[in-house]
Amino acid sequence: MTVRKVGVIGIGTMGQGIAEMLAFKGLDVQVMDISNEKLEDGLLHIEQSLDKQIEKWALTQAEKKLTLNRINKADGIEAFAECDFVIETITEDLDAKKEMFAELDRVCGAEVIIASNTSTLSLTELASVTKHPGRVIGMHFIYPVYKIDLVEIVRGLKTSDATFEQTKHFIEEIMNKKGVMVFESPGFVTTRLICLFINEALHVLEEGVASAEDIDSAMRIGYSFQHGPFEMADRFGLDAVLAALDRMFREYGELKYRPSIVLKKMVRAGHLGVKTGVGFFQYDKDGDRI
């Protein structure tokens, strides 16, 4: 399978990381979002991300220019007909995703693989609105995309072997990341385990066993985690963690997935973590702890 042009629909935090990584790898990337304002904001964040890497001597000005030149704005959904592979990264709303998959199925040739970056939704249900369900698959990237060399390849009920093999080749040979196969299940592997870890840390905080700072220090220093559970939640987005736990609680019906009341209060207050500058900790505009 030769992949030269990839479509990325939805340029939020994950979409930005995916588009930037693919463009840096030398692929042409077609991007689209719900509005031109969101698209421009996403492209600005990609440029800022590249500038940060230049500051750290990880990138040159010439590489930044080449990367940005490979990212092109789509005029509409029809522009994705030219892509060899399309990755959807819009909001975790089932109806919105189903509508998007139906549109992509209409404009993309039958040989084009349509992937979703969903962390909890059913690939089988997304594929049900398409005429070619065998080409629908999940590609769950982990934030930050350019640093984490793992992608969960999620098979729906009707995902074909050819689609899986081509997706695995794309991830491992072109992206140089490790692809792990996961059969469809709410939360897959990484989201299911990490959200339970975060939720248990929230219960420990609720019970007054230790402060958020000390719980994070215990796990970071004692078990070599890059970030403790609370900073991890801040970086994922507290609203995203809450949404994932809510969906898993509904799907599995087990109390261990019921979101902590502390998490709900933080989200209601608009303290979502890095994206708002305040969560369990405070962050500057570059996403660094204050």
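Colleague: Which side chains meet in a salt bridge at 4.0 Å, N to O?

Modeller: Glutamate 172 and lysine 178. Bear in mind that this is a predicted model.

Colleague: How accessible are glutamate 172 and lysine 178?

Modeller: Glutamate 172 has a relative accessible area of 23%, and lysine 178 is at 46%. Glutamate 172 therefore counts as partly exposed, and so does lysine 178.

Colleague: How many salt bridges does the structure hold?

Modeller: There are 19. One of them pairs the side chains of glutamate 125 and lysine 98, at 3.7 Å from N to O. That pair links distant parts of the chain, 27 residues apart: glutamate 125 sits in helix α5 and lysine 98 in helix α4.

Colleague: And what does glutamate 231 meet in a salt bridge?

Modeller: Arginine 235, at 2.9 Å from N to O. Glutamate 231 counts as buried because its relative accessibility is 7%. Salt bridges with shared partners join both residues to Glu213 and Arg289 in one network.

Colleague: Back to α4. Which of its residues are buried?

Modeller: Leu94, Lys97, Met100, Phe101, Leu104, Asp105 and Val107. They span an arc of only 165 degrees around the axis, so they lie on the same side of α4. Asp95, Glu99 and Arg106 are exposed on the other side.

Colleague: What covers the buried residues of α4?

Modeller: The cover includes strands β1, β2, β4, β5 and β6, along with helix α5.

Colleague: Which residue caps the N-terminal end of α4?

Modeller: Aspartate 93 does: one of its side-chain oxygens is 3.3 Å from the backbone nitrogen of aspartate 95.

Colleague: Changing topic: how many residues are in the largest nonpolar core?

Modeller: It has 34 residues, and those with the most contacts inside it are Leu22, Val31, Phe85, Met139, Phe141 and Phe170. Helix α1, residues 13–24, gives the largest share, six residues. Another core, of 25 residues, lies apart from it, with Val86, Ile90, Ile114 and Leu121 among its members.

Colleague: What does phenylalanine 170 touch?

Modeller: Leaving out residues up to four places away in sequence, it touches Val3, Val6, Leu22, Leu27, Phe85, Met139 and Met175.

Colleague: Last one: what do the buried residues of α8 pack against?

Modeller: They pack against α7 and α9. The buried residues of α8 are Ala212, Ile215, Asp216 and Ser217. After α8 comes serine 224, with a positive phi near 60 degrees.

Key: Residues numbered from 1 in each chain as written. Predicted model: local features only at pLDDT ≥ 70, side-chain atom pairs only at ≥ 80, totals over all residues. Heavy atoms only, no water. Core = buried A, V, L, I, M, F, W, Y, C linked by side-chain atoms within 4.5 Å. Buried < 20%, exposed > 50% of the residue type's maximum accessible area, 1.4 Å probe, protein only. Helix = DSSP H or I, 4+ residues; strand = E, 2+ residues; numbered from the N terminus. Contact = heavy atoms within 4.5 Å. Arc of directions from axis to C-beta. Polar contact = N/O pair within 3.5 Å; in protein donor to acceptor, adjacent residues only side chain to side chain.
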